[in-house]
Amino acid sequence: ESAKLSELSEMSNYIVKLYAVYADKTDVDAIRAGNAEVYLKRPPTIVMELMEGGSSDDLRKISNLIASDYWKKIVYIITSRIAEALNIVHSEGYVHCDVKPQNILFTEKLPPYGLDAFNKLKDNLVKPKLSDLGSAVREGSKPNSYTPYYAPLEQVASLKTGGANRSADIYALGATAFRLLTGESLNSSEMISAMIKFEKTLDINAIPSSLYATRKYSLLNGIVEPEIIEFLKRMTYPDPSRRPTSIEVRDFFLKYAMETQ
């Protein structure tokens, strides 16, 4: 699996390169059994490409950038590039399982001004890349992890039942774009609390689909075009089968990113 993930990381300009993985099975079994000494002496190790530009989550802290008229276009182009990365992941039969702002890294630091930053991204002088391939699993299997602020309910349920699906990554990317645009979580506090409860009980009744109605898309009003809001709703639709593909997401956001300001 680690060899395949390393190969996968070489297939896209928008995936952080995975150079090596060391995880001795005997050591991993001992660590899982609670032997902390083995973890401290010989921890499982992933060697990745150095990404010097920080994460997309860090961008929300740069006031000049998020106040710029180009901020939404910056988010659009980042979303498009990561959707392209996800297309590679999905085409090889994997689900990333943990798409979020902290897992979108930059090859170099972006300038703190909107137009300059946008041009760097547009011209591929700075690339956003999807990181943490270690969270990826084969489609249909149980995910190893998720982040409650960005995951759909069916991904959380698959911790018990299995069945990780690529549409969960589309939801998480939509929730990531929502966070970058608004500074707020799309998944409501009610959803997050229910997910945490499910983790403890594995009671599927703790995460009913009715929780989706507690999200507040209205936070996007006045920030982005109505068409963007509707597409983000599609990406984060409760029914996974009605979400767009990674290619559709890539093409949609690239179109809006490249429109004349």
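"Buried" here means under 20% relative accessible area, with exposed over 50% and partly exposed in between (1.4 Å probe, protein chains only). By that cut-off, buried residues make up 49% of the 261 residues in this protein. Keep in mind that this is a predicted model: local features need pLDDT of at least 70, side-chain atom pairs count only at pLDDT 80 or more, and totals for chains, interfaces and linings use all residues. Numbering runs from 1 along each chain as its sequence is written, and side-chain values use heavy atoms, leaving out hydrogens and water.

**Overall build**
- The protein has 12 helices and six strands, which are DSSP runs numbered from the N terminus (helices H or I, at least four residues; strands E, at least two).
- The C-alpha trace spans about 55 × 40 × 30 Å along its principal axes.
- Residues 24 or more positions apart supply 71% of the contacts with a separation of 6 or more, a contact being heavy atoms within 4.5 Å.

**Around N64**
- N64 sits in helix α5 (residues 63-66) and is partly exposed, at a relative accessible area of 43%.
- Leaving aside residues up to four places away in sequence, N64 touches P112 and Y113.
- From N64 to F252 it's 188 residues in sequence and 26 Å in space, C-alpha to C-alpha.

**Around M48**
- M48 belongs to strand β2 (residues 45-48) and is partly exposed too, with a relative accessible area of 41%.
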